[in-house]
Amino acid sequence: MQGFISNYLVEFGHLAVFTAFILSIVQAAAPWLAGRLETPALARSGIMASYIVLILMTIGGATLIHAFVISDFTVLYVASHSNVELPLLYKVTALWGGHEGSLFLWAWILSAFTTLLAIQGKRLFPKRLPVLLSVQALLLLGFLGLILFLSNPFERLLPGAVAGRDLNPLLQDPGMAFHPPMLYLGYVGFSIPFAFAMTAMLTRWETTLWIGLIRRWTLFAWTMLTIGIMLGGWWAYYELGWGGYWAWDPVENASFMPWLLGTALIHSITVQENRRMLQTWNLFLAISTFSLSLLGTFLVRSGVLSSVHAFAVDPGRGLYILMFMGTVLVVSFGLFLAKGRVDPQREAMSSSMSREMLFVMNNVLFSVLCVLVMLGTLYPLALEAINGAKITVGAPYFNAVLIPFFFLVILLMGVAPATPWRNVNLSRLWSRLGMPMGIGFIAAVIMFVWDSQAHWFAFVGTGLVAFVLAAMLVDFYRNARRRAKQNNDNIVSAWFYLVKRNRRYYGGMFVHLGILVIAIGMIGSGLFRQEQVVLMAKGDVIEIGGEKLRFDGVKQFKKDNYFALQGQFALLGTDIVLKPERRKYPVQEAPTTESGIHANWARDVYFVIGELVDGRYSVHAYVNPLVQWIWFGGFIIVFGIGWSLSQRIREKRA
Amino acid sequence: MNKIWWAIVPVLVILFGLLGYGLTSNPKHIPSPLIGKPFPVIEGKDLNGNKVTLGVVNGKPTVVNVWASWCAACRLEHNVLIRGSRRYGDKISLVAINYKDELADAKAWLRQLGNPYLWSFHDLAGRAGLELGVYGVPETFFVNKQGIIVEKISAPLTDAQFSAGVALMSK
């Protein structure tokens, strides 16, 4: 009996997922049937269904992971993405190393979110929950249909392969192992605001009653997407060996577009919570953000755009995803046009400057940024459709067009927190921002004097970052001093009290701080990078960016499932040795590079070792200033969100 | 003001039109700069040591296929070439460049899978490949009677591509 079970474990998983598909139909139909048959109890069956779907999906996922861990090469997907010698971690993460498994992970995460929503909803919004779960179930059905009928990870390969094809070596990296699940947590997380928006339009649920409920979901999804994007950049930086972390590749843009609109959504939720405005706009943003998540999945999974993430796929799957996405977008935006628009007179806003006005500008800017990214990403496709020309739109377009808008975003980040809601007293605003503006101006001048040859981005960027940092400090100081005066306390402990007390506000400020730190890292590494390509023999010394390094030859060895050639570069004046590697993975016959990096707060010395040419190695050397600030800024952002979310909520029933 | 939301409709239509178009085209298909240029005349030896000249062969439209015994994808397309040579017979010349391959391996390969080619130019050093800008095997050039390259496919050939290429050559 035991042998029987272990032989057919994968079929068991397949069956579980198929059952989940059937149950999702039940979950999707429950509220409508309940209405038809006038048996409200039926609606609740959707809740139970969502729990069971998660259990079934987990069984499916577990059998696949099990097949990877025991290297069961009679499973086609395992045989094409794993190998006996693959380290255990990558055997597990190989689950999402290919098309079929990635989609499965998407659906699995979606079922988990749905269950969490059901648990929350049973307490807080039991009446609307069945409709919410129905929307989620319809989304899940779309993905399960694709998994079960067009890209089945449970498919057998009989007779089994002797050895696996191995995981794409580029993906055998901790950054890459966790990049896809984080992105998916973000993409899928945005399905919750989407489901709320749909439910609101279907059941005439006043936006004001649920907007507070989606704030945490949105923040969580946004954070996961942020981490996912940062991990992708970190991986590109360490693994791809071209000295950069962001290339405006179409697939990177695919994840960046929902991030931009998600950022807009977070801010517009805040406005609506405080001022009960922007209801129509919030519905639109919630729908659009999730639509862009679907678009991101489509772009990555259909192979429509040429990209470093060149995933091969067959056109049937692409067509399916396109049709699924089309259905979701037509239904959701159609519903929006029919029922989503609120009478605009109720949202009248005075035209004078106020914090809500600046929030609206924030939303305009992020939407414009998103449109510009989309334009650059799809432009090659449009041009090809019109006249057959093949072009790529690269970093020059995106940098030139987007960075000025990002500067405006940073400017707002300094002005808006100092501006009160409703109406501003301009002289008071000046008293808050005058000094920071002076500091920003001085910083820009210093930057200009230090290097007048640099791009104008350098001193404008530096000036803006200094301005916002100063404005933030002035704001902290002002609040702390007021609190200290009231309580006869000292300023530092008053500030800590405020930070502990008002977690939402200060959490948000920490996120802003993290963005500024990232901006500093990007100004440094983007504009002041030094780069050399040289041929080096043993004993040669290279001088770059004030650092001297001596080449001490190479070592060759075999490890796990690859062969490595490792260069030894001694950083003179220290006992640090940089060890860039070139690896060869025999099963996939693919080479990869591992850059050798010495990092400190000021700069990264970044070496890549290349081919042997006439007894000398070609060496690509970079000095990248301030790169570590980018990763550090990422940690500050995550901390800030965590801080903001740690505020106890006063739960309201809707 | 509220009517402005209808702008969503054309945006969606354009978006789906584009993506649908994208599905039908292959982003990796890069038209070769060689198309419209004359095929270079290259002299060398075939697998049996006979002198051969790449270019227009026997005054007929010529298909030049680049293959190697170490290339797995070439195995996939081999049947397409065999079918093509049967179908078009002596209306075209089908020749090959055997790219960076050992003589013995190449001959064994043709014995095993069948030989659709008039001859295979033996390009051990990759000299002809360099001149033609070959960057991956298999590749196929379609050359018309005037010696102009009318199409180049940098992937395993399909039957449809073969017929389309022949049609272009005879234009």
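In chain A, the C-alpha centres of domain 1 and domain 2 sit 38 Å apart. Domain 1 of chain A covers 395–525 and domain 2 of chain A covers 530–629; such bounds come from an automatic or database domain assignment. Six residues of domain 1 of chain A are in contact with five residues of domain 2 of chain A, where contact means that the C-beta atoms, placed from the backbone, lie within 7 Å. On the domain 1 side of chain A, the residues touching domain 2 of chain A split into three nonpolar, three polar and no charged. For these classes, Ala, Val, Leu, Ile, Met, Phe, Trp, Tyr, Cys and Pro count as nonpolar, Asp, Glu, Lys and Arg as charged, and the others, Gly among them, as polar.

Keep in mind that this is a predicted model, in which local features need pLDDT of at least 70 and side-chain atom pairs count only at pLDDT 80 or more, while totals for chains, interfaces and linings use all residues. Residues are numbered from 1 along each chain as its sequence is written, and chains are lettered from A and ligands numbered from 1 in the order in which they are written.

How confident is the predictor? The complex gets an ipTM of 0.78 and a pTM of 0.84. Per residue there is pLDDT, the predictor's confidence from 0 to 100. Chain A averages 89, with 95% of its residues scoring at least 70; chain B averages 84, with 94% at least 70. Helices (H or I, at least four residues) and strands (E, at least two) are DSSP runs, numbered from the N terminus.

Helix 2 (residues 9–37) of chain A and helix 7 (residues 129–149) of chain A pack at about 150°, with axes 8 Å apart. Axes are lines fitted to C-alpha atoms, for helices over the stretch in contact, and angles run from 0 to 180 degrees between N-to-C directions. So helix 2 of chain A and helix 7 of chain A are roughly antiparallel to each other; the cut-offs are under 35 degrees for roughly parallel, over 145 for roughly antiparallel, 65 to 115 for roughly perpendicular, and oblique for the rest. The crossing of helix 2 of chain A with helix 7 of chain A is left-handed, meaning that the near helix is turned anticlockwise from the far one by less than a right angle, with clockwise being right-handed. Residues in this contact include Phe18(A) and Phe21(A) from helix 2 of chain A, and Leu141(A) and Leu144(A) from helix 7 of chain A. The contact has 19 nonpolar, three polar and no charged residues.

Helix 6 (residues 99–124) of chain A and helix 8 (residues 174–189) of chain A cross at roughly 50°, their axes coming within 9 Å. Helix 6 of chain A and helix 8 of chain A are therefore oblique to each other, and their crossing is right-handed. Among the residues in touch are Trp106(A) of helix 6 of chain A and Pro180(A) and Pro181(A) of helix 8 of chain A.

Over in chain B, helix 2 (residues 72–88) and helix 5 (residues 159–169) pack at about 40°, with axes 10 Å apart. That makes helix 2 of chain B oblique to helix 5 of chain B.

Key: Two residues are in contact if their C-beta atoms, placed from the backbone, lie within 7 Å.
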